[in-house]
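Trainee: I would like to learn how to read a structure. Please take me through a few features.

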Amino acid sequence: MSFLEYNLKTVPSGLSKVLYLNWAIILLLTTIASVGFLMLYSVAGGDMGRWAEPQMKRFAVGLVGMIVVAMVPIYVWRNTAALAYVMSIGLLVVVELFGSTGGGAQRWIDLGFMRLQPSEVMKITLVMLLAAYYDWLDLKKTSRLIWVLIPVMLTLLPTFLVLRQPDLGTALLLVAGGGLVMFAAGVHWLYFAAVVATGAGAVTAVFQSRGTAWQLLADYQYNRIDTFISPGDDPLGAGYHITQSKIALGSGGWTGKGFMQGTQSRLNFLPEKHTDFIFTTLAEEFGFIGAFSLLVLYGLLILFCVVSALQNKDRFSALLILGVAMTFFLFFAVNMSMVMGLAPVVGVPLPLVSYGGSAMLVLLLAFGLVQSAHVHRPRGRV
Amino acid sequence: MRRPQREIEESASRITRRGLLLGGATGAFMAVLAGRMRYMQVEEADKFRLLAEDNRIRYDLIPPNRGLIFDRVGTPIATNEQTYRVVLMPEDVEDLDHTFALLQRLIPLTAEDITDVRKEIRRAAPGAPVTVADRLSWEDIAEVAVNGPTLPGVHPEVGLSRVYPRQGDFAHVVGYVGPVSDYYLSKIENPDPLLLTPRFQVGRVGVEEKQEAVLRGRAGNKQVEVNARGRVMRELERADGDAGRDVQLTVDAKLQRFVQARLAPESASAVVMDVDTGDLLAIASAPSFDPNKFVRGISQADYNALTADDHRPLANKSVQGLYPPGSTFKMVSALAALEAGVVTAGETFYCPGHKEVGGRRFHCWKRGGHGWVDLHTSLKRSCDVYYYELAERAGIERISAMARRLGLGEKFDIPMSAVAQGLTPTKSWKAQRHKQDWVVGDSLNASIGQGFVLTSPLQLAVMTARLATGQGIAPRLVKSIDGVEQPVINGGPLGLGPTTMTQIRKAMYAVTNHQGGTAYSSRIIAEGMRMAGKTGTSQVRSVVVRNEDVPWEERDHALFVAYAPFDRPKYAVSVVIEHGGGGSRAAAPVARDIMLQALYGELPPLEAYPKKQHWEIEQRQKNLPLGLGEGGPGISDRA
């Protein structure tokens with residue numbers, strides 16, 4: 001049973017589909033990625049070859065991948081969602097068993113030509129599966145306990161695997177992503193209220209357990225939270241990243257220090273300046289105007305996605321678009337909060353700007369899904 | 001199969017509702033992010049800009065070169081030597097164990113050294129270099145430099161470190177430098193930031209300590225741009241400090257070497273002073289030690305050897321050692337009585353070998369007595385009974401006052417460590433200190449430099465110089481600072497009658513030049529170099545026995561004071577040989593050799609000595625270690 005009967009007469013076919021792509025989204029993606037190239041060029045000290053060039057190549061590959069994904073009819077993606085989810089889980093297990101250790105955590109599989117981070121893929125396949133689930137599920141059953149528990153389990157399974165790596169940031173993104181798709185699908189708000197209440201209880205439990213035999217988190221995770229609460233206590237130790245990040249960002253002022261003039265990034269005060277903390281360099285060199293402009297670009301991207309979702313009468317398509325948009329939002333919201341000292345330091349990159357192949361490729365493919373949904377949306381009277 | 005139209009509509013409206021809610025929520029959150037950005041980058045921007053400046057620019061101190069110390073003719077006594085060391089930037093080292101293993105093959109590095117370095121690495125601030133090995137040879141440092149590429153984070157460096165080329169000769173005068181201790185820091189308010197820099201050295205003893213302010217100089221600083229790890233990226237600005245100022249001592253390094261060599265292997269001390277300027281030409285304490293060992297960090301074994309030695313090499317005997325002056329004090333008693341008019345130079349007393357006072361018998365050193373003695377004979381032959389009579393008449397207050405006039409009991413202001421004041425006793429002092437009344441017997445003991453009287457070799461030299469000139473001259477150790485001549489301290493004429501002074505000087509001349517004088521065998525026969533002096537033997541124990549029959553540490557101290565040339569005094573000399581036995585036998589010959597060396601400026605010709613002694617003197621001159629080669633005046637040269 002489907003919400004959509006494909007009317008091949010009203011849906012574009014062949015190469016003409018390209019004309020029906022959501023070009024506004026592509027333009028925004030390219031603009032944001034270009035900001036990334038600029039910043040990578042800057043933090044490398046004016047060296048194209050170090051980060052900017054590989055990043056551009058990956059973006060080009062990702063863009064082609066996105067269009068390829070967009071050409072495939074949306075129902076194909078819906079029908080393969082379950083398979084994609086199972087494969088992602090399988091990859092997570094492989095990482096658990098054979099993965100390489102990068103930065104103290106097992107996160108990626110070395111494929112030779114690229115490092116595959118299954119947890120990145122998982123974020124999208126989870127959204128796909130949940131969208132397909134709600135497309136399949138009888139509307140009336142949406143808020144029944146048993147039918148709520150199933151997507152909860154589907155979300156918690158990969159979350160648990162990611163936590164084992166351990167990667168707290170991705171785990172939180174998975175839970176939040178899954179939850180947002182469920183929210184969009186119309187699950188009763190009381191469930192969410194209950195979860196928030198339980199979550200508050202859990203946080204209390206986590207802190208109460210600290211130092212006891214049944215301590216729930218690793219010491220370094222507690223330290224990160226401590227650091228977040230009071231970064232000034234140990235400016236050269238645990239709170240170093242946040243303190244330095246805030247100094248660089250704050251010292252940018254209204255208009256910034258100018259392109260390639262960011263002293264803090266230049267002098268290596270910033271950690272991870274080309275990955276998780278790249279926003280700091282942007283804010284330092286282009287000031288409030290530059291940082292706010294990037295935020296506006298991100299906002300516009302979300303806006304176009306939401307508009308596209310709301311225009312789409314296909315339930316899977318609408319939920320998928322919203323899910324991808326929300327995952328994207330979570331990325332930059334968490335990253336920006338982190339570098340501005342509003343959230344603890346969790347390893348979440350700034351989408352499309354931070355250096356990194358896996359994340360960018362997966363995001364572009366996810367936007368391919370959004371494009372596919374957009375191109376293949378039901379037209380006329382359905 | 002298609003869903004009913006109603007369900008499609010229902011689904012779409014739900015998604016629209018929830019979608020709008022989500023869109024609104026994300027919009028609201030982005031507004032929060034924008035607000036935070038505005039707060040940090042616009043409202044708080046100034047604060048962060050200041051922090052960023054701090055972040056970028058670090059002020060590094062440039063340690064000043066420590067001032068040098070020279071002798072009166074410019075011979076270096078304390079210098080700075082370039083030393084090569086290896087430092088390590090802990091955060092740049094990938095594999096510490098591997099690095100140490102490689103370094104061990106290149107430079108001398110023991111397992112303990114590595115343990116120490118590891119400890120230092122743990123304590124070091126982020127970005128701070130840690131010294132792995134110091135004072136390496138050029139070959140070792142070259143090895144490290146050549147192997148640089150295989151040793152990331154390891155750097156060879158050049159630094160300055162204190163060296164004392166005269167080794168033990170000036171150990172007690174100049175002292176040595178050492179690291180800044182926590183105790184040292186706790187004593188100063190607002191310590192110079194230099195003191196907090198790792199491995200900085202300050203003067204710990206002697207001139208190095210007392211002239212620290214002059215020698216240290218002022219640190220310069222450089223503004224450097226650094227990265228977050230504290231590594232210097234480039235130098236922005238540099239303000240050179242002021243190097244420490246050079247100190248020139250009044251001491252003559254050549255004479256000092258001679259004195260140290262002549263005193264060894266006794267536990268002894270000698271001072272040579274210019275009678276006109278107060279310049280200390282030699283101020284020696286034997287045995288000595290090599291101060292370079294302290295700069296490098298002395299080993300426990302070496303240190304234990306120094307402290308366990310009964311000759312106390314670490315003690316600075318010339319200014320710190322206090323001895324009863326014995327008969328060298330008799331000039332003081334004589335002057336006190338003559339100036340007070342209680343006795344005349346021609347008045348004679350009968351010495352039967354002892355004097356009975358208050359039921360106690362006070363002995364003369366000569367059992368059979370000296371018979372009838374006047375002032376001249378009493379000094380020449382050192383009769384004790386004569387001075388007992390004088391003490392009875394003059395009283396202790398007059399004697400002590402005269403002693404202070406001549407410089408005894410005065411703490412002279414020279415930049416050496418532990419300069420002692422000594423003691424010139426008075427009635428009130430004894431009442432306060434011992435809660436006892438002064439008795440005549442105390443005066444009798446004091447009159448021959450025993451009992452409570454305590455003096456240092458430096459004070460004895462000052463006394464002799466004042467006797468020779470009649471001027472209130474005070475000792476001077478620093479000749480000039482950075483070429484600026486330091487003032488000569490002269491309290492002016494002592495106001496002693498010229499006739500009495502002449503009588504005393506003639507008697508002192510008789511001591512060394514007339515048959516029967518206690519130091520006749522230590523006379524100088526070169527014309528125009530004749531020496532006047534006085535022997536002293538101060539008892540360590542009260543029972544009179546032959547020195548040869550008791551252990552070393554119970555034997556009497558031997559003393560001798562002298563000035564020369566008699567007719568035109570130039571130098572005053574004092575010699576104290578601990579447990580050396582009699583002053584005439586042990587101290588006077590040493591003093592004569594030192595005096596002649598000072599007068600001639602080199603080893604004196606044998607003609608200056610009486611003919612009978614030539615062979616003995618020649619042998620001694622030949623065997624004196626006057627060079628500063630191997631086995632120089634360190635601690636090891638003592639038998």
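Mentor: Gln248(B) stands opposite Ser480(B) in strand 18 of chain B. This is a predicted model, where local features need pLDDT of at least 70, side-chain atom pairs count only at pLDDT 80 or more, and totals for chains, interfaces and linings use all residues. Residues are numbered from 1 along each chain as its sequence is written, chains are lettered from A and ligands numbered from 1 in the order in which they are written, and side-chain values use heavy atoms, without hydrogens and water.

Trainee: In which sense do strand 10 and strand 18 of chain B pair?

Mentor: Two strands pair if DSSP finds at least two bridges between them. Strands (E, at least two residues) and helices (H or I, at least four) are DSSP runs, numbered from the N terminus. Here strand 10 (residues 247-249) and strand 18 (residues 478-481) of chain B are antiparallel, over 3 bridges.

Trainee: What stands opposite Ser480(B) in strand 19 of chain B?

Mentor: Glu485(B) does. Strands 18 and 19 (residues 484-485) of chain B pair in the antiparallel sense over 2 bridges. Their hairpin has 2 residues between the strands, and Asp482(B) takes a positive phi near 55 degrees.

Trainee: Is Ser11(B) buried or exposed?

Mentor: Buried means under 20% relative accessible area, exposed over 50%, partly exposed in between (1.4 Å probe, protein chains only). Ser11(B) has 2%, so Ser11(B) is buried. Ser11(B) lies in helix 1 (residues 5-43) of chain B.

Trainee: Which side chain does Ser11(B) join in a polar contact?

Mentor: A polar contact is a pair of N or O atoms within 3.5 Å; within protein, one must be able to donate a hydrogen and the other to accept it, and residues adjacent in sequence count only if both atoms are side-chain atoms. The partner is Arg315(A), at 3.1 Å.
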